[in-house]
Amino acid sequence: MNIILRRNLYSPWGVDGQLLINHQEVCDTIEHPYDHLPEGFYRIEIRHDSRLHRKVPVIMTPDAHHHHFPIIGIGNGPFLLTDGSIIVGHRMQSGVLTDSSAVLTRLFDRLDKAA
């Protein structure tokens with residue numbers, strides 16, 4: 001499945017944006033202020049993450065280091081994301097998301113059904 005990452009705001013607290021599927025907004029995103037992916041189209045695969053011991057949506061980037069691809073995950077803020085990974089949720093304020101786990105579950109179900 002393919003997604004679109006759209007950016008709204010670049011700030012010292014993170015890169016705020018949206019994740020779109022079929023040109024429809026699905027959820028808000030936050031990424032690290034310096035180590036983030038460029039805006040655009042990305043292919044997503046569901047893979048098992050050995051660090052988290054569960055399946056996660058993986059962003060298939062052409063420049064992944066040593067086959068370590070960024071993931072779409074949960075959290076409140078972006079400062080621990082130094083590999084291009086993305087946190088999803090509902091925007092509370094710039095650099096902060098809420099309801100991350102519920103939004104990721106809904107997104108994962110949608111991606112799993114499409115796959």
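A pocket, as the word is used here, is an open set of grid points with protein on both sides within 12 Å along at least five of seven lines. In this predicted model, the largest pocket holds about 310 Å³ of space.

**The largest pocket**

- The lining of the largest pocket is made up of 17 residues.
- Nearest the centre of the pocket lie Ile71, Gly73, Ile74, Leu81 and Ser85.
- Three strands each give at least two residues to this lining: E5 (54-60), E6 (72-73) and E7 (86-93).
- Sorted by class, the lining has 9 nonpolar residues, 5 polar residues and 3 charged residues.

- Strand E2 spans residues 14-21, and 8 of its 8 residues are buried.
- One side of E2 carries Gly14, Asp16, Gln18 and Leu20, while the other carries Val15, Gly17, Leu19 and Ile21; both faces are covered.
- E2 pairs with strand E1 (residues 2-11) in the antiparallel sense, over 7 bridges.
- Within that pairing, Gly14 of E2 is the bridge partner of Ser11.
- E1 and E2 make a hairpin, with 2 residues between the strands.
- E2 is also joined to E3 by 7 bridges, and these two strands run antiparallel.
- Opposite Val15 stands Glu31, a residue of E3.

**The turn between E2 and E3**

- E2 and E3 form a hairpin too, with 2 residues between them.
- Asn22 sits in the loop that runs from strand E2 (14-21) to strand E3 (24-31), and His23 is found in the loop between E2 and E3 as well.
- Most residues other than glycine have a negative phi.
- Asn22 has a positive phi, near 55 degrees, and the phi of His23 is also positive, near 60 degrees.
- Asn22 has a relative accessible area of 62%, so Asn22 counts as exposed, the cut-off being over 50%.
- His23 is likewise exposed, because its relative accessible area is 63%.

**Ser11, in strand E1**

- Ser11 belongs to strand E1.
- With a relative accessible area of 13%, Ser11 is buried, since the limit for that term is under 20%.
- Leaving out residues up to four places away in sequence, Ser11 touches Pro33 and Ser94.
- The side chains of Ser11 and Ser94 are joined by a polar contact of 3.4 Å.

**Met92, in strand E7**

- Met92 is part of strand E7, one of the strands that supply residues to the lining of the largest pocket.
- The relative accessibility of Met92 is 59%, so this residue counts as exposed.
- Met92 and Asp28 are separated by 64 residues in sequence, and their C-alpha atoms are 9.9 Å apart in space.

Conventions. Residues numbered from 1 in each chain as written. Predicted model: local features only at pLDDT ≥ 70, side-chain atom pairs only at ≥ 80, totals over all residues. Heavy atoms only, no water. 1 Å grid on protein atoms, 1.4 Å probe; cavity = no way out; pocket = protein on both sides within 12 Å on 5 of 7 lines; lining within 4 Å. Points joined across faces, edges and corners; volume = space filled by probe spheres on them. Helix = DSSP H or I, 4+ residues; strand = E, 2+ residues; numbered from the N terminus. Nonpolar A, V, L, I, M, F, W, Y, C, P; charged D, E, K, R; others polar. Buried < 20%, exposed > 50% of the residue type's maximum accessible area, 1.4 Å probe, protein only. Pairing = 2+ DSSP bridges. Polar contact = N/O pair within 3.5 Å; in protein donor to acceptor, adjacent residues only side chain to side chain. Contact = heavy atoms within 4.5 Å.
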